[in-house]
Amino acid sequence: LEMPEAFYYIGDDGLYRYDKQSGQDDLLIRGDIQGLFRYEGKVYYSTPQQICCLMDDSGGSSVVWDSSLYPDSDEYLKFCLIVDFQLYDGSLYIKIDGIHAIRYVLETGQTEHFLDDCLADANFNYFTFYEGDCFYIEHANRSFSIRRMDMDSGEVTVVRTDGKGRYDPN
């Protein structure tokens, strides 16, 4: 992940910062770091149970979200792993345990399910955001089609599929 002054990357033992000017390579956070994301000039990273924001170049960080905030009362889900995350338009979008997604609104601290209304069993491979839309790859029906959800209306349309459950590169 490139920032103006440094590169941040995940190594076997944690999160590193490589200073572009000095060439110094420092281990900032020791642990099981899963992902990195840049949002509004800050570096965010995930562990299996938390999403954190780096506060300074020395490795100081704060927890933004952790699995205890999962919106269900089902205790099993509170121990599921964070698979992926993105920040978009003031919210943190988290893929949990491979098939569930939640949205955490940074301003209000509210956690809610995401994509559940679009998918019968909320099963998808990947999601990303672009110009007010959420794009995701549907997996539940094994069609692997690319779908677009308008973030304002919630309307879902199919963007790409071959109609036979196979990816069509053309």
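Predicted model: local features only at pLDDT ≥ 70, side-chain atom pairs only at ≥ 80, totals over all residues.

Biologist: Let's start with D19. Why is D19 called buried?

Modeller: D19 has a relative accessible area of 18%. Buried means under 20%, so D19 counts as buried. You will find D19 in strand β2, which covers residues 14–19.

Biologist: What makes the pairing of the side chains of D19 and R17 a polar contact?

Modeller: The two side chains come to 3.3 Å, and the cut-off for such a pair of N or O atoms is within 3.5 Å. The side chain of D19 also reaches the backbone nitrogen of S22, at 2.8 Å.

Biologist: Which residues is D19 in contact with, leaving aside neighbours within four places in sequence?

Modeller: Those are E5, A6 and Q24.

Biologist: Now T47, please. Is T47 buried or exposed, and how do you know?

Modeller: The relative accessibility of T47 is 17%. Since the limit for buried is under 20%, T47 counts as buried. T47 sits in the loop between β5 (42–46) and β6.

Biologist: What does T47 touch, not counting residues up to four places away in sequence?

Modeller: T47 touches D32, I33, Q34 and I82. There is also G31: its C-alpha atom and that of T47 are separated by 7.9 Å, although the two residues are 16 residues apart along the chain.

Biologist: And why does F7 count as partly exposed?

Modeller: F7 has 34% relative accessibility. Buried would need under 20% and exposed over 50%, so F7 falls in between and counts as partly exposed. F7 lies in strand β1 (residues 6–11), and together with Y9 and Y18 it forms a nonpolar patch on the surface, with about 250 Å² of accessible area.

Biologist: What about the inside: which residues touch the most other members of the largest nonpolar core?

Modeller: That core has 16 residues, and Y44, W65, F85, L92, I94 and I96 touch the most other members. Two or more residues come from each of β6 (50–54), β7 (61–66), β8 (82–88), β9 (91–96) and β10 (100–105). Apart from this core lies another, of 11 residues, including M3, A6, Y8 and V43.

Biologist: Why would nonpolar side chains be buried together?

Modeller: In soluble globular proteins, that is simply what nonpolar side chains tend to do.

Terms used
Residues numbered from 1 in each chain as written. Heavy atoms only, no water. Helix = DSSP H or I, 4+ residues; strand = E, 2+ residues; numbered from the N terminus. Buried < 20%, exposed > 50% of the residue type's maximum accessible area, 1.4 Å probe, protein only. Polar contact = N/O pair within 3.5 Å; in protein donor to acceptor, adjacent residues only side chain to side chain. Contact = heavy atoms within 4.5 Å. Patch = residues over 30% accessible without salt bridge, like charges linked within 9 Å, V, L, I, M, F, W, Y side chains within 5 Å. Areas by Shrake-Rupley, 256 points an atom, 1.4 Å probe, with all protein chains shown as cover. Salt bridge = Lys/Arg side-chain N within 4 Å of Asp/Glu carboxyl O. Core = buried A, V, L, I, M, F, W, Y, C linked by side-chain atoms within 4.5 Å.
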